[in-house]
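Open the structure in a viewer and keep the sequence panel beside it. The stops below go from the whole chain to single residues.

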Amino acid sequence: MKTLMEQWKSYLDEVEDFPDIASSQEEIQKSLNYFYGVHAPGKGTRKELGKWKGYDLVMYDLSPDRLYFLVSNDEPKAYVATSPFADGWAVGNARKTSGGFKISEFYEYLIQQLGILYSDKVQTSAGRKIWKHIPHEEVPTKDGGTRLKATRNDKVKENIIMA
């Protein structure tokens, strides 16, 4: 019985699965357009952060949350929503159209900029796939669960500053 309870507790402590959001590219673009053109401007302050891989990088500060958009010709191609969590930032949601780059590459960029990035406490299988491409560790949380945590590589950051 003790073994059964220990296994059950470890199951409860894992990052929870969340059903996939089955969307066509058209639905994804429609969602990105809404968040970029309506939701974010109505809730926060826009900041131009420069370029990343040829895309305009735009951040909306929703205090305390932040939405990061990658934009081409004023059309959003991806976004990552973050919220303060523990000693870093947690990804709450991410969306991306197909082609151009992998969203895990953009996560890695955000990790270098923000220092620490955590997964959400629930993830889709697509979210889990993103984290498989990023060096991370699974860490316990105050609520008794776990999250994935990726930390900036200071040598990479030094190279970015020096370049």
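This is a predicted model: local features need pLDDT of at least 70, side-chain atom pairs count only at pLDDT 80 or more; totals for chains, interfaces and linings use all residues.

Residues are numbered from 1 along each chain as its sequence is written, and side-chain values use heavy atoms, with hydrogens and water left out.

Switch to a cartoon view. The protein has five helices and 10 strands; helices (H or I, at least four residues) and strands (E, at least two) are DSSP runs, numbered from the N terminus. Of the 163 residues, 38% count as buried, where buried means under 20% relative accessible area, exposed over 50%, and partly exposed in between (1.4 Å probe, protein chains only). Among contacts (heavy atoms within 4.5 Å) between residues at least 6 apart in sequence, 53% join residues at least 24 apart.

**Helix α2**

Select residues 25-43, which make up helix α2. At 1.5 Å a residue, its 19 residues should span 27 Å, and the end C-alpha atoms are 25 Å apart, which agrees. The expected span is 1.5 Å times one less than the number of residues. Now centre on Phe35, where α2 bends by about 40°; the bend is the angle between axes fitted to the seven residues ending there and the seven starting there.

Which residues of α2 are buried? They are Ile28, Gln29, Ser31, Leu32, Tyr36 and Ala40. An α-helix has 3.6 residues a turn, so residues three or four places apart point the same way.

**Salt bridges**

How many salt bridges are there? The count comes to five, a salt bridge being a side-chain nitrogen of Lys or Arg within 4 Å of a carboxyl oxygen of Asp or Glu. Three of them can be visited one by one:

- Select Asp56 and Lys51: their closest N and O atoms are 2.7 Å apart. Asp56 is partly exposed at 27% relative accessibility, and Lys51 is exposed at 57%.
- Select Lys53 and Glu105, with closest N and O atoms 3.4 Å apart. This pair links distant parts of the chain, 52 residues apart: Lys53 is in the loop between β2 (45-52) and β3 (55-61), and Glu105 is in helix α3 (residues 103-114). Glu105 is partly exposed, with a relative accessible area of 27%.
- Select Glu75 and Lys77, again with 2.7 Å between the closest N and O atoms. Both are partly exposed, Glu75 at 32% and Lys77 at 21%.

**Backbone details in the loops**

Most residues other than glycine have a negative phi, and most peptide bonds are trans.

Return to Lys53, whose phi is near 50°, a positive value in a residue other than glycine. Lys53 is exposed, with a relative accessible area of 53%.

Next select Ala86, in the loop between β5 and β6. Ala86 has a positive phi of about 50° although it is not a glycine, and it is exposed at 69% relative accessible area.

Finish at Ser63 and Pro64, which are joined by a cis peptide bond with omega about 15°. Pro64 lies in the loop between β3 and β4.
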